[in-house]
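Please report on the model shown here.

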Amino acid sequence: MARRQSGRRVWVLNDGEQAEAGAALRLHNDMHLAVARGELRAWYQPQLDAHSGALVGFEALMRWQHPTHGLVFPSVFIPLAEDNGQIVPMGAWMLERACADLLALQRACPPDAPPLRVAVNLSLRQFCDPQVYEHVAQALARSGLAPTQLELEITEGTAMVNQQHTLDLLGRFKQLGCMLALDDFGTGYSSLAYLKRFPLDVMKIDQSFVRHILSDNEDRAIVHAIITLAHHLGMKVIAEGVEQAAQQQLLASMGCELVQGYLHGRPMPLDEALAWLQAHQRPLVKRT
Ligand code: C2E
Ligand code: MG
Ligand code: MG
Ligand code: MG
C-alpha cells in the first residue's frame, strides 16, 4: 500500500494500482523518445467493399514497441500522448509512415488495380494543433501520394469541440484533396446542424453497434438510421468491428458500402499486410 498526497486528498493505492501507476508514469516519461528511437510501428487493417469484397484500402493503427514493456496498444499510450502533447510528433510520424507504406502496398497490386486509400486517425490534440495542416501537406508532398488516397479520420467528439475550427480545417483538407471520415459515429453527441456543414466523405459506424447487430433489434435500428442519415448527407458508410460474414451480409443489405473487421483481417505490420494483399488477390481456384 502507498499513500500519495495530492492537494488535500490522500489516495491510497493497492499494490496492483501502484504497479499500474508506476508503469503509466514510465511510459509517460519514455514517450518523448519513442519517435527518435524508432519505437513506433504502423499496422494496417484492410477495408473492403461490403458487396464485392474488393479491397479499397487500409486503416493505419499505431503501436509502440517499447524496449521493456513490449508491444503497447493505443488504448494505453494514446491517452497519455494526448495529455503530454507527444501525440503531435507521433501523429506527424504516422502520417509520413502511412503515406510511404501505402505506396508500397499499391505497388504490390496489379498495375490496373484501382488506387488504394490509407486512413490515418487524428486525435483532438492533433486536430487543434496549429501545425497539423503542414504535417498532412508535408507527408503528401514528401511521399508523392495522391491526396485522394489519404483519408483523415476524426471522431465525432473531436469534430464538435470547436465547430468553426472543424469547418475551417476540414475545408482546407478538402481543398488539398484529402478524403475525410467521421470515426466512431454514434458514440458522441453530434450536432446535426453542423454535421451537414462538414465536408465529410465517410461515416464510420462504431463497432459497439455492429457487435450485436444480428441479435439486437435496437442496434439494428440504430445502424439503419445511421446509414440513412449518412446517405442523405452524401456520405458513404463503413462498419467497424465486422467479425462475422452474416454481419457483413446484413450490413450490405442495409446499404452499408464498406466493412472493416477481424472477419477480413486484424491490424498487421506492413510485411504481413503485403502478404495478406497477395493472398487476397490470388484468384480463387475452382474446385471440381
Ligand atoms: P479506431 O480508430 O476506432 O480503430 C479501430 C479499432 O478497432 C482498432 O483498435 C482495431 O484494432 C479495432 N478493431 C478492428 N476490427 C475489429 C473487430 O473486428 N473486432 C474488435 N473487437 N476490434 C476491432 P486499436 O488499433 O487498438 O486502436 C484503438 C484506437 O486508438 C483507435 O480506434 C484510434 O482511436 C486510436 N488510434 C490508433 N492509432 C492511432 C494513431 O495513429 N493516431 C491517433 N491519434 N489515434 C490512434
Ligand atoms: Mg479510426
Ligand atoms: Mg473507430
Ligand atoms: Mg475508437
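## Cysteines

Cysteine 99 is buried, with a relative accessible area of 0%. Buried means under 20% relative accessible area, exposed over 50%, and partly exposed in between, with a 1.4 Å probe and protein chains only. Cysteine 256 also counts as buried, at 0% relative accessibility. A search of the whole structure finds 0 disulfides, a disulfide being a pair of cysteine sulfur atoms within 2.5 Å. For cysteine 99, the closest cysteine sulfur is that of cysteine 178, 8.2 Å away and too far for a bond.

## Basis of the model

This is a predicted model, in which local features need pLDDT of at least 70, side-chain atom pairs count only at pLDDT 80 or more, and totals for chains, interfaces and linings use all residues. Residues are numbered from 1 along each chain as its sequence is written, chains are lettered from A and ligands numbered from 1 in the order in which they are written, and side-chain values use heavy atoms, with hydrogens and water left out.

## First magnesium site

Which residues coordinate the magnesium ion (ligand 2)? They are Glu59 (OE), Asn121 (OD1), Glu153 (OE) and Asp183 (OD), at 2.0 to 2.2 Å. Donors here are N, O and S atoms within 2.8 Å of the metal (3.2 Å for Na, K and Ca); water is not among the atoms, so sites may look incomplete. The donor residues of ligand 2 follow the spacing E-x61-N-x31-E-x29-D.

Helices (H or I, at least four residues) and strands (E, at least two) are DSSP runs, numbered from the N terminus. Glutamate 59 is buried, at 3% relative accessible area. Asparagine 121 is partly exposed, at 27%.

Aspartate 183 bridges ligand 3 and ligand 2, and the two magnesium ions lie 4.0 Å apart.

Aspartate 184 lies in strand E8 (residues 179-185), and glutamate 240 in the loop between strand E10 (236-239) and helix H11 (245-253), so the pair ties together parts that are 56 residues apart in sequence. Aspartate 184 is partly exposed, with a relative accessible area of 24%. Glutamate 240 is buried, at 9%.

## Nonpolar core

In soluble globular proteins, nonpolar side chains tend to be buried together. Here the largest nonpolar core has 77 residues. A nonpolar core is a set of buried Ala, Val, Leu, Ile, Met, Phe, Trp, Tyr and Cys residues joined through side-chain atoms within 4.5 Å. Phe58, Leu150, Leu152 and Phe173 touch the most other members. Helix H3 (residues 87-107) gives the most to this core, with 9 residues.

Contact means heavy atoms within 4.5 Å. Leaving out residues up to four places away in sequence, phenylalanine 173 touches Leu122, Phe127, Val132, Tyr133, Val136, Leu152, Cys178 and Leu180. Leucine 140 is in helix H5 (residues 132-143). Leucine 140 is buried, at 6% relative accessible area. Beyond neighbours within four places, the contacts of leucine 140 include Cys99, Leu150, Leu176 and Cys178.

## Aromatic pairs and ring charges

Rings of Phe, Tyr and Trp (its six-membered ring) pair if their centres lie within 6.5 Å; planes under 30 degrees apart count as stacked, over 60 as edge-to-face and the rest as tilted. The count comes to 4 aromatic pairs. The rings of phenylalanine 58 and tryptophan 276 have centres 6.2 Å apart and planes at 75°, so this pair is edge-to-face. Phenylalanine 58 lies in strand E4 (residues 55-66) and tryptophan 276 in helix H12 (residues 270-281), so the pair ties together parts 218 residues apart in sequence. Phenylalanine 58 is buried, at 0%. Tryptophan 276 is buried, at 15%. Tryptophan 64 and phenylalanine 77 also pair edge-to-face, 6.0 Å centre to centre with 85° between the planes.

The charged end of arginine 172 sits over the ring of tyrosine 133, 3.9 Å from its centre. A charge sits over a ring if NZ of Lys or CZ of Arg is within 6 Å of the ring centre and within 35 degrees of the ring normal. Arginine 266 has its charged end over the ring of tyrosine 262, 3.8 Å from the ring centre.
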